[in-house]
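Here is a note for a colleague who is opening this structure for the first time. Please keep the sequence and the model side by side while reading the points below.

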Amino acid sequence: MFLKDLFSLAHFSVAAMQEVMERARYFKDRDRNQTFKSLQGKNVAISFWEPSTRTRLSFALAVQKLGGTVIDYQPEMGSEKKGESIEDTVKTMLSLGAAALIFRSSIPGLFYEIAPHVELSFISGGEGCYQHPTQALLDIFTLQQRGVTLQGANVVMVGDILHSRVARSHFYALPAFGASLTLVAPPVFLPDALVPPGASAGFSLEEALPAADILYLLRVQKERQGVNLLPSLNAYASLYGLDQKRLALLKKDALLLHPGPMNVGTEISYEALKYLERHNPERVLFQEQVANGVYTRMAVLDLLLAGR
Ligand code: CP
């Protein structure tokens with residue numbers, strides 16, 4: 001059921017996603033009083049060519065919790081800086097005994113040609129604007145942990161859809177669990193061609209909010225704007241940021257997700273965030289997403305490297 005590599009959720013069956021959820025639940029339920037050994041004797045290389053806090057650290061923790069050893073390759077300190085090719089970097093990982101390479105890259109497809117020819121599992125921690133499969137899986141796990149029934153739920157996703165690898169993975173994950181997806185963004189972030197079949201799209205957050213069961217805030221990716229697509233971040237915040245007026249349009253039990261890192265003042269106002277944290281902390285799942293990322297990544301590693 002599980003392939004050698006994880007680049008995308010496009011060919012991930014619903015059954016496979018369900019198995020990730022079950023395995024993540026297994027690890028979470030036993031984490032306090034059990035040690036796991038499924039990666040004992042296995043080395044896993046982690047190499048991020050783009051900045052990351054949550055994904056890199058939670059993958060490293062996941063490897064350690066499964067009894068494996070992390071080979072921490074830091075590209076900015078590596079021999080690529082002396083001209084070594086990416087192919088030779090991969091060969092070096094293999095020679096060091098790596099069973100997998102967990103990577104983040106700004107260039108989608110960096111490993112697609114190499115992957116079929118080497119005995120190394122390539123596991124994406126986010127590729128440019130392509131996909132971020134484990135983020136979508138951990139979001140689903142977080143919602144399931146909260147007892148949310150995704151079948152029939154309306155997820156409103158607002159933000160920089162154009163550059164979002166998280167959104168592109170959710171185009172597969174959320175419908176697989178029966179959720180309907182409503183995309184909201186300024187027109188420049190929401191070209192027609194990007195809207196997947198079955199999803200709705202609109203430019204007004206005010207219109208979308210009252211029907212949202214789950215509001216998924218996406219980061220405005222300042223580093224990928226290239227030319228200035230937005231007049232300013234303030235202009236974005238005034239039309240699409242979650243402020244207290246817009247918060248009042250949501251159902252009283254609507255849940256909020258954000259993959260992080262968050263630009264407070266852009267995707268959500270400081271006042272709205274503080275209001276939620278003080279009055280409705282149970283609706284804000286941001287930190288639960290981070291914590292559940294460890295168990296979801298343990299599940300992915302276990303299924304790809306030990307259970308395949
Ligand atoms: N959600 C996410 O990918 O966060 P990091 O960039 O901190 O890994």
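1. An open sheet of four strands runs in the order β2-β1-β3-β4 with parallel pairing, where strands (E, at least two residues) and helices (H or I, at least four) are DSSP runs numbered from the N terminus, and two strands pair if DSSP finds at least two bridges between them. The edge strands, each pairing on one side only, are β2 (69-73) and β4 (121-127). Direction ignored, neighbouring strands of this sheet are turned by 20 degrees against each other on average.

2. This is a predicted model, in which local features need pLDDT of at least 70 and side-chain atom pairs count only at pLDDT 80 or more, while totals for chains, interfaces and linings use all residues. Residues are numbered from 1 along each chain as its sequence is written, and side-chain values use heavy atoms, with hydrogens and water left out.

3. Helix α3 (residues 86-95) lies across β1, β2, β3 and β4 and runs at about 145 degrees to β3; contact means heavy atoms within 4.5 Å, and axes are lines fitted to C-alpha atoms, for helices over the stretch in contact, with angles from 0 to 180 degrees between N-to-C directions.

4. Strand β6 (residues 180-184) is largely enclosed by the rest of the structure, because four of its five residues are buried, that is, under 20% relative accessible area, with exposed meaning over 50% and partly exposed in between (1.4 Å probe, protein chains only). Strand β5 (residues 154-158) pairs with β6 in the parallel sense over five bridges, V156 having T182 as its bridge partner. β6 also pairs in the parallel sense with strand β7 (residues 200-202), over three bridges, and here T182 stands opposite S200.

5. Which residues surround the ligand? They are S52, T53, R54, T55, R104, H132, Q135, P259, G260 and P261, a residue being near a molecule if one of its heavy atoms lies within 4 Å of it. Among the polar contacts (pairs of N or O atoms within 3.5 Å; within protein, one must be able to donate a hydrogen and the other to accept it, and residues adjacent in sequence count only if both atoms are side-chain atoms), a backbone N or O atom of T53 lies 2.9 Å from an oxygen atom of the ligand. The side chain of T55 has an N or O atom 2.7 Å from a ligand oxygen atom, and a backbone N or O atom of G260 is 3.1 Å from a nitrogen atom of the ligand.
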